[in-house]
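Subject: Structure handover

Hello,

Here is the structure for you to look through. My notes on it follow below.

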Amino acid sequence: MAPPHRTPLRGISVHRPSGPARRSLLAGVAALGALGAAGCSRVASASNVEGGDLLDRLRAQGVARLGIAGEIPFGYISKDGELTGEAPELAKVIFKRLGVDRVQPVPTEFGSLIPGLASQQFDVVAAGMYINPERCEQVIFSDPDYQMLDSFIVRKGNPLGLRDYRDVVKKKAKFATGTGYAEIQYAVEAGYKESDILIVPDQVAGLNAVEAGRVDVFAGTALTTREVVKKSAKAEVTEPFKPIVDGEPHVDGGGFAFRPTETKLRDAFNAELAKLKESGELLRILKPFGFTEAEMTDLTAKELCGG
């Protein structure tokens, strides 16, 4: 594998020039073992029917298996042992509307989600996965159910006036971000020397580094940085912004992944997702996990896949 920022650890990880992926491994992993055995058997083999017949089979079975990667707030097992997160909760609603009564988690590592989908260990990836051209060559995606901008954790009052990666370079600020985060490449693209970046495990460690004065700024997604500073008396979060990728402002979007043969299921899923967006119910479902109106999007998978 390539350098850390190009290796899909989990959610907020990889970046390539064609478009970044997402996120680091967060809490919830410890609970996965308890459900691992329940999700280890494989789903029925793929069909040769044009467009796939998985939706019909799921309706007959009454359950859809979701590939998750134990990441708060995207898809994880709660302290009570329950499947939750923005993607699983949305999947519960949509599959119910499609005539599939239950969903069942199949926990795995983020880097194993696409291989696990291909080998039919589960029916759909429900992990808030960033949609990018590289992944679009391996799976088909629903339209994104959310978009994501970046934001900084800085000391109260933002003494250096840091608003984007160019400011970090200009002010020669001490910069940190998480292991495998796409933000590594965003900073490098803005002119920050990669060897000078402090890499920490996650946004909690990033907050601690800012509060302790070890760094001036920690970069992460607007959602995760916003949530982690809520109880901090020493730090605040900056306004969300679009990082520059290949010279253009960039917005990430995450969605559900399906096997390339299962276009009927993907299309039916998209139709229900569109209804939820139009009615405003999508925000209601995602809001408990920290999502706001700013994370709602009209982007399409086609756009994020590169046309």
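Where does Pro 73 sit? Pro 73 lies in the loop between β1 (63–68) and β2 (76–77). Helices here are DSSP runs of H or I with at least four residues, strands are runs of E with at least two, and both are numbered from the N terminus. The peptide bond between Ile 72 and Pro 73 is cis, with omega at about 5 degrees.

Before the rest, the ground rules. This is a predicted model, in which local features need pLDDT of at least 70, side-chain atom pairs count only at pLDDT 80 or more, and totals for chains, interfaces and linings use all residues. Residues are numbered from 1 along each chain as its sequence is written, and side-chain values use heavy atoms, with hydrogens and water left out.

Positive phi values

Gln 120 is not a glycine, yet its phi is positive, at about 65 degrees. Its place is the loop between α4 (113–118) and β5 (124–130). Gln 120 counts as buried because its relative accessibility is 15%. Buried means under 20% relative accessible area, exposed means over 50%, and partly exposed lies in between (1.4 Å probe, protein chains only).

Asp 246 is another residue other than glycine with a positive phi, near 55 degrees. Look for Asp 246 in the loop between β13 (244–245) and β14 (248–249).

Helix α8

This helix covers residues 203–211. Its buried residues are Gln 203, Ala 205, Gly 206, Leu 207, Ala 209 and Val 210. They pack against β8 (150–155), β10 (198–200), β11 (217–221), α9 (222–228) and β12 (235–237); contact means heavy atoms within 4.5 Å. At the start of α8, Asp 202 brings a side-chain oxygen to within 3.1 Å of the backbone nitrogen of Val 204. Just after the helix, Gly 213 has a positive phi of about 80 degrees.

The disulfide

How many disulfides does the structure hold? It holds one. The cut-off is a pair of cysteine sulfur atoms within 2.5 Å. The partners are Cys 136 and Cys 305, with their sulfur atoms 1.9 Å apart. The pair links distant parts of the chain, 169 residues apart. Cys 136 is in helix α5 (residues 133–136), and Cys 305 is in the segment after α12 (301–304). The torsion about the S-S bond is about -70 degrees, so the disulfide is left-handed. Cys 305 is partly exposed, because its relative accessible area is 25%.

Best wishes

Methods. A polar contact is a pair of N or O atoms within 3.5 Å; within protein, one must be able to donate a hydrogen and the other to accept it, and residues adjacent in sequence count only if both atoms are side-chain atoms.
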